[in-house]
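Hi,

Here is the structure for you to look over.

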Amino acid sequence: MTEQSDPEPTTASEVVFEGRIVNLRVDTVQLPSGRTTTREIVEHEDAVCVVPIDEHNNVLMVRQYRKAAQLSLLEVPAGGVEAGETPEETVLRELQEEVGVTSGSLRKLSGFWVSPGWATEFMHAYLAVELTPARLPADDDEYITVERVPLESIPGLIESGEIQDSKSIASLLLALRLLGTDRPA
């Protein structure tokens with residue numbers, strides 16, 4: 001990724017909402033034409049998502065209700081990078097909190113902006129194998145069930161719409177490609 005000059009320099013910035021998970025700021029920017037406009041930006045810390053695969057080639061996924069979508073979604077484990085944590089430390093913590101395992105082998109798959117048109121959140125995607133039981137207390141505001149999904153069924157679940165979460169789709173497809181199992185049988 002190359003560093004670019006800012007074609008929309010910020011001339012003013014105001015935080016209009018500060019929340020527990022996100023902040024909302026409104027930036028006034030100058031466009032290359034010289035005109036000014038505003039950009040509404042949701043500030044969110046970096047996050048991680050992880051594709052944990054057990055010794056039986058099952059992906060350990062989580063199902064949880066998402067109020068914004070008003071659906072119970074099937075997702076890969078994920079969470080925010082806390083202050084002082086590396087993305088790898090966050091992956092290991094989230095695995096223990098959400099699915100009750102840790103990993104003896106993590107591999108970075110990629111990273112991507114979640115919604116760069118209006119949010120600062122950058123997602124680090126990982127593959128986790130060599131799983132062993134390890135549990136940390138779950139977040140008290142999350143109600144998660146763990147589902148073991150055969151790796152070979154992942155493409156069909158994405159195509160059918162059973163898996164609709166973008167971070168899950170992206171990281172699962174990256175893992176399938178890395179493992180060489182993204183080809184139709």
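**Helix H3**

The buried residues of H3 are Lys-167, Ser-168, Ser-171, Leu-172, Ala-175 and Leu-176. Viewed down the helix axis, these buried residues fall within an arc of 155°, so they line one face of H3. Ser-166 and Arg-177, on the other side of H3, are exposed. Please keep in mind that this is a predicted model.

After H3 comes Gly-180. The phi of Gly-180 is positive, near 75°.

**The largest pocket**

How much space lies in the largest pocket? About 1,400 Å³. Its lining is made up of 37 residues. Closest to the pocket centre are Ile-21, His-44, Arg-66, Glu-121 and Glu-142.

Which elements give two or more residues to this lining? There are strands E5 (58-66), E6 (71-75) and E7 (78-80). H1 gives the most, with four residues.

By residue class, the lining of the largest pocket has 16 charged, 14 nonpolar and seven polar residues.

Best wishes

Technical notes. Residues numbered from 1 in each chain as written. Predicted model: local features only at pLDDT ≥ 70, side-chain atom pairs only at ≥ 80, totals over all residues. Heavy atoms only, no water. 1 Å grid on protein atoms, 1.4 Å probe; cavity = no way out; pocket = protein on both sides within 12 Å on 5 of 7 lines; lining within 4 Å. Points joined across faces, edges and corners; volume = space filled by probe spheres on them. Nonpolar A, V, L, I, M, F, W, Y, C, P; charged D, E, K, R; others polar. Buried < 20%, exposed > 50% of the residue type's maximum accessible area, 1.4 Å probe, protein only. Arc of directions from axis to C-beta.
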